[in-house]
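Here is a short briefing on one protein chain.

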Amino acid sequence: MRVSREKFAENREKILGVAGVLFREKGFESTGVAEIMKAAGLTHGGFYGHFQSKEDLALEVSRALIDRVKIRWNEIITSAPDAPLDALLNHYLSRCSVDDPGGSCVFASLVQEVSRSQGAVRSTFNDGLSALVDILSEIVPGDSAQERRAKGFTTLSAMMGAVILARAVESRELSDNFLFTTRDALSPAKS
């Protein structure tokens with residue numbers, strides 16, 4: 001049975017959304033096409049009408065999620081012109097980022113898996129991480145563009161590392177310490 005263009009587009013968006021959550025929760029390798037389609041309420045066979053392969057889906061999902069991170073970071077920064085870095089740190093270094101991997105940062109959820117891959121997804125992550133360094137370079141303190149760029153790299157590394165480590169431990173207290181001591185160390189207000 002053929003579906004309308006509108007329904008086809010709706011189904012594709014549903015697949016992308018479900019895949020984005022499942023990939024962040026379980027990783028690319030541990031998430032199968034059948035699982036994605038079932039979670040989307042669609043048949044397994046319908047997948048190939050939308051995507052050539054799981055790798056194509058992973059690439060499209062990665063691009064969309066990375067774009068979403070950049071948009072969200074810019075919204076947070078714009079909403080707090082007097083303390084943009086603190087606003088971003090409070091958002092990112094939060095229990096929500098740790099407790100909801102399927103709904104939070106694609107980088108903290110998938111960077112370890114991407115580091116073992118090659119090709120377009122890895123290149124997409126490369127470009128996305130560079131864009132986040134650029135965003136941070138505009139809001140971190142520093143006397144020169146070169147110093148702010150260096151601080152952008154260290155800030156991004158510390159932020160993502162704190163979330164990854166906070167997710168890895170069992171103790172809520174230890175998890176919170178990774179988040180909140182990192183936030184305090186990076187905050188210009190605490191310096």
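Among contacts (heavy atoms within 4.5 Å) between residues at least 6 apart in sequence, 62% join residues at least 24 apart. This is a predicted model: local features need pLDDT of at least 70, side-chain atom pairs count only at pLDDT 80 or more, and totals for chains, interfaces and linings use all residues. Residues are numbered from 1 along each chain as its sequence is written, and side-chain values use heavy atoms, leaving out hydrogens and water.

**Fold**
- The chain has nine helices and zero strands, taken as DSSP runs (helices H or I, at least four residues; strands E, at least two), numbered from the N terminus.
- Its C-alpha atoms fill a box of roughly 65 × 35 × 30 Å along the principal axes.

**Core**
- Of the 191 residues, 42% count as buried (under 20% relative accessible area; exposed is over 50%, partly exposed in between; 1.4 Å probe, protein chains only).
- The largest nonpolar core has 51 residues; such a core is a set of buried Ala, Val, Leu, Ile, Met, Phe, Trp, Tyr and Cys residues joined through side-chain atoms within 4.5 Å.
- Helix α3 gives the most to this core, with 10 residues.
- Phe-107 is among the members that touch the most other members.
- Beyond four places away in sequence, Phe-107 touches residues including Ile-66, Phe-125 and Met-160.

**Cysteines**
- The structure holds zero disulfides (pairs of cysteine sulfur atoms within 2.5 Å).
- Cys-96 is exposed at 54% relative accessible area, whereas Cys-105 is buried at 10%.
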